[in-house]
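Dear colleague,

Please find the structure below, handed over for your use.

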Amino acid sequence: MSTADADELSVEMGACAMTEPSSASLSVVDNLPKEFFTPLDEFDAVAHVLRSLPEGEGLGVAFLESQHTQTQAVLETVNSQLSTRVMRSYGAFVHGMAQVQQLKSDLVLTAILCRSARKHLSRVQGEMVEPGLCILAKLRRRKSFEGLLQLVKGLQTLLVHTNEICALLKPAGESDEPVDLARGAHLYRSCEAKLRELSALSQAKRLAPTIGSCGDALQGRMHSELRRSCSRFEASAFSSAISCAISLERVDEVLSQVHNNFAEAIKDSTKDALNRHVLLSLGQVSAQQEAALEAGKYKDVCSMLRPDYFDSCLAHSFQALLLVLLSHHEMLLWLRSAESIAEGEAAAATDAAATASAARKAAADTARELQ
């Protein structure tokens, strides 16, 4: 609705509102039957009027003029009240129309914005969301593959180290080469770490008994090498055995058995010298007799030695004792040298730590001065 139309409507309604209905007209309206004020779909006014027409001479000009006058009075009253009510609500009507127009404009703008937003969302989905999701999926698959690759590499390393330590610790009768016990301890520790890392894999669990038996065999070879070093000392073999004990955290156990190892070395060396002289004194002996000599007690074997072999047996026994003593002396020298080297390394590490601390302190002081 334009402003000119609104002003024209306002003038007409004002003119109608200025026409006040007469009291007679109001009385006529009040005297109308109540059926005239019911909804149209419930009351037919035309049919009511036609049914109410008088019959005969009563239906004349006078009756029609009175009905016309009554109808005009009713219309005048209704129009005056209608215009008054319309003018009373005109401001709200105009305001409501303005709000409707504003709402229409807002809806049009909202529709435009929604279409633009859908277009941009579709573009973002096609250019950013979907490629981003593809990248995330690829990264997730890559991470999974890297995890599987690490497991496979770990299992391969475990299998290689297990085979290597088994080959290293094969029975002594199969090879005369010395066993690198330090390398064996390193392999065993590596296998233990891999077993903990791959504890969820059944393939790794199947290798656990083999690795456990290798650990037991490694400790047995370590103790055997330490006992052998008490009777015939070799620096490389003893160093390897000590490194193995340190790696396996068996240092306290080794130290507690040093005294027993030297006692066993003395006993075995003298018993071996005695057995050789008894065999020489007896001449030809069977394998059963030789086994009995090996298993017999020292005093029982001494009773079997002929008197003419006493001096030679004592000389060789004394020589065996000197060899044990020499091994003891060389072992002490090696331990003293190892202790000196360890102290030097510790002092060097302490000096390096002190130097680094002093450098950090100097750098901090310089930074504070610059600030």
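Cysteine 166 is partly exposed, at a relative accessible area of 32%; here buried means under 20% relative accessible area, exposed over 50%, and partly exposed in between (1.4 Å probe, protein chains only). The search of the whole structure gives 0 disulfides, a disulfide being a pair of cysteine sulfur atoms within 2.5 Å. Cysteine 166 is accordingly in no disulfide, and the nearest cysteine sulfur, that of cysteine 214, lies 3.3 Å away.

Please note that this is a predicted model, in which local features need pLDDT of at least 70 and side-chain atom pairs count only at pLDDT 80 or more, while totals for chains, interfaces and linings use all residues. Residues are numbered from 1 along each chain as its sequence is written, and side-chain values use heavy atoms, with hydrogens and water left out.

Cys244 belongs to the largest nonpolar core, which has 29 residues; Leu218, Met222, Leu226 and Cys244 touch the most other members. Such a core is a set of buried Ala, Val, Leu, Ile, Met, Phe, Trp, Tyr and Cys residues joined through side-chain atoms within 4.5 Å. Two or more residues each come from helices H5 (90–168), H6 (181–197), H7 (202–231), H8 (235–247), H10 (258–282) and H13 (310–370); helices (H or I, at least four residues) are DSSP runs numbered from the N terminus. H7 supplies the largest share, 8 residues.

Beyond its neighbours within four places in sequence, leucine 218 is in contact (heavy atoms within 4.5 Å) with residues including Leu181, Tyr188, Cys244 and Leu248. A second, separate core of 6 residues includes Leu274, Val278, Val301 and Cys313.

The structure holds 11 salt bridges, each a side-chain nitrogen of Lys or Arg within 4 Å of a carboxyl oxygen of Asp or Glu. One of them joins glutamate 127 to arginine 123, with the closest N and O atoms 3.4 Å apart. These two residues are 4 residues apart in helix H5, about one helical turn. Glutamate 127 is exposed at 53%, as is arginine 123 at 54%.

In helix H7, glutamate 225 and arginine 228 are 3 residues apart and meet in a salt bridge at 2.5 Å, N to O. Glutamate 225 is buried at 16% relative accessibility, whereas arginine 228 is partly exposed at 31%. Arginine 228 also forms a salt bridge with glutamate 234, at 3.5 Å.

Yours sincerely
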